[in-house]
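Here is a short tour of one chain, written for someone who likes to check geometry against coordinates. Please keep the viewer open as you read.

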Amino acid sequence: MNLSNIWLYISPPILGAIIGYFTNDIAINMLFRPYRPIYIGKRRLPFTPGLIPANQERLAKRISDTIMGSLLTPEELQNLARKLLQTERVQAGILWLLKLALDQLQADKEQKTAKVLAGILRDLLGESLPRLLKVLARREDFLEVQINQIFDQVLLEFQLTEQQASQLADWLLQVVLPPDVLRLALIDFLTDRNIQIIDEGFREKTSGTYWVVANLFGLKNTLTRLRTYCLDEKEETNARLRELIQSLAVKERLRVWLQNLSLQNLPVSTVRQLRKTMRESIRSYIQNRGAELLQGLTGSINWEETAFLVLKRLRNSAVVNTSLEVVSNELALVLERYLERDLEKIMEQVIPILNIDRVIIERVKATSPKDLEAAIQGIVRSELQAIVNLGGILGFIVGLLQTAILFLQ
């Protein structure tokens, strides 16, 4: 057997393997390439661009339909939302937001938060609260429980201590009723008419020895001389009154009286009436002048400074820092109960807003054919190479069959 005959039997398997290998490789490359259409004159060459670039929009629509129809169904999105919004994750997110807000307060150098809080406090206490009080004060039971509680627990049980009673007695004798004030009060009392009334009453209502004294001597001359003495001898009268106060131990008597002064010593009916009167007086005052009082007080307050002090206290408050976790947990539980009830309705509203299918289409269309080829090759590179190799193997097998047929002939 010569060389030409040997080549006749060997060439079919080799040529079949080469043709099968490169044919599949060209076919796979034609799926992606060329990336753009090629024109000769005004005619576009067939199979340009490649199959996938030529049908990229339709491919994007099919991918979107496949994903939204079998993968990202509303039920799957609800399951994903439930997994994402588990209580622990939600609590961690809320806690992070709360800590971030607290850090933002601490880093607020321009005091923007303080200005906002100042405006809120000014509007709340200066405008809203006075109007609200004016409306609430019209109710018959307005502050009834609170005022009764203050009256029963504070005023009813209030009693001066020995030191307080002594200081109040000193103030009354030195400021309110000093000897000079008593002298002037005595002069104002001893008018001619009052002296006449006292003298006539003393004459008519006394008996025995006092009747003899009253009718023989009378009180008119004595009281008139006393008034004249108070007018003419001011310093001596004040001195006599001072001595009289000391000799009668007025200070000590006044101290004892003040120390024993208590609403509990009054009759029950009087105490109840006093409590009712006090409540009605407070309600009437708030209804008529409470708004003006609050507006006047709030107008004199530096709200920005007050808000800054409040925020400073919040920043340094250990209670706030330790309660963030509790607050976040409560908010997470509230959100969980809300989601359990309305998650389906929420997802029905969220899916059209997210417009996931349109996003998929746009992303696929916006991907260049080169990047799309790289992405697909990266996923199924080994499978595509196996197809190329299989083409070579099949071509080799077909060549062997052809060689066998030649050999049998």
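## How α8 and α14 cross

Helix α8 passes helix α14 in a right-handed crossing. The coordinates come from a predicted model, so angles and contacts here are computed from that prediction. To find the pair in your viewer, select residues 162-176 for α8 and residues 250-260 for α14. Their axes come within 8 Å and cross at roughly 130°. Angles from 65 to 115 degrees would count as roughly perpendicular and those over 145 as roughly antiparallel, and α8 and α14 are therefore oblique to each other.

Which residues does each helix bring to this contact? From α8 come Glu162, Ala165, Ser166, Leu168, Ala169, Asp170, Leu172 and Leu173. They meet Val250, Lys251, Leu254, Arg255, Leu258 and Gln259 of α14. Sorted by class, the contact of α8 with α14 holds 8 nonpolar, 2 polar and 4 charged residues.

Let's step back to the loop between α13 (234-247) and α14, where Ala249 has its place. The backbone of Ala249 deserves a look: its phi is near 55°, a positive value in a residue other than glycine. Is Ala249 buried, partly exposed or exposed? With a relative accessible area of 34%, Ala249 is partly exposed, as that value falls between the 20% and 50% cut-offs.

Next, turn to α7 and helix α15 (residues 268-299), whose axes come within 10 Å and cross at roughly 130°. That angle makes α7 oblique to α15. The handedness of the crossing of α7 and α15 is right-handed. On the α7 side, the contact is made by Glu144, Ile147, Asn148, Phe151, Asp152 and Leu155. Val271, Leu274, Arg275, Met278, Arg279 and Ile282 are the residues from α15. By class, the contact of α7 with α15 divides into 7 nonpolar, 1 polar and 4 charged residues.

Asn148 counts as buried because its relative accessibility is 14%, and the cut-off for buried is under 20%. Leaving aside neighbours within four places in sequence, Asn148 is in contact with Arg275 and Arg279. Both of these arginines belong to the α15 side of the contact.

What does Gly16 touch, leaving aside its neighbours within four places in sequence? Gly16 is in contact with Gly392, Gly395 and Phe396. Gly16 itself is found in helix α1 (residues 3-32). Gly16 counts as buried because its relative accessibility is 15%.

## The chain as a whole

Zooming out, there are 19 helices and 2 strands in the chain. Among contacts with a separation of 6 or more, 77% join residues 24 or more positions apart.

How much of the chain is buried? Buried residues make up 24% of the 409 residues. The chain exposes about 29400 Å², and carbon and sulfur atoms supply 61% of that area.

Definitions and conventions: Residues are numbered from 1 along each chain as its sequence is written. This is a predicted model: local features need pLDDT of at least 70, side-chain atom pairs count only at pLDDT 80 or more; totals for chains, interfaces and linings use all residues. Side-chain values use heavy atoms; hydrogens and water are left out. Axes are lines fitted to C-alpha atoms, for helices over the stretch in contact, and angles run from 0 to 180 degrees between N-to-C directions. Helices (H or I, at least four residues) and strands (E, at least two) are DSSP runs, numbered from the N terminus. Angles under 35 degrees count as roughly parallel, over 145 as roughly antiparallel, 65 to 115 as roughly perpendicular and the rest as oblique. A crossing is left-handed if the near helix is turned anticlockwise from the far one by less than a right angle, and right-handed if clockwise. Contact means heavy atoms within 4.5 Å. Ala, Val, Leu, Ile, Met, Phe, Trp, Tyr, Cys and Pro count as nonpolar, Asp, Glu, Lys and Arg as charged, and the others, Gly among them, as polar. Buried means under 20% relative accessible area, exposed over 50%, partly exposed in between (1.4 Å probe, protein chains only). Accessible areas come from the Shrake-Rupley method with a 1.4 Å probe; for residues, only the protein chains shown count as cover.
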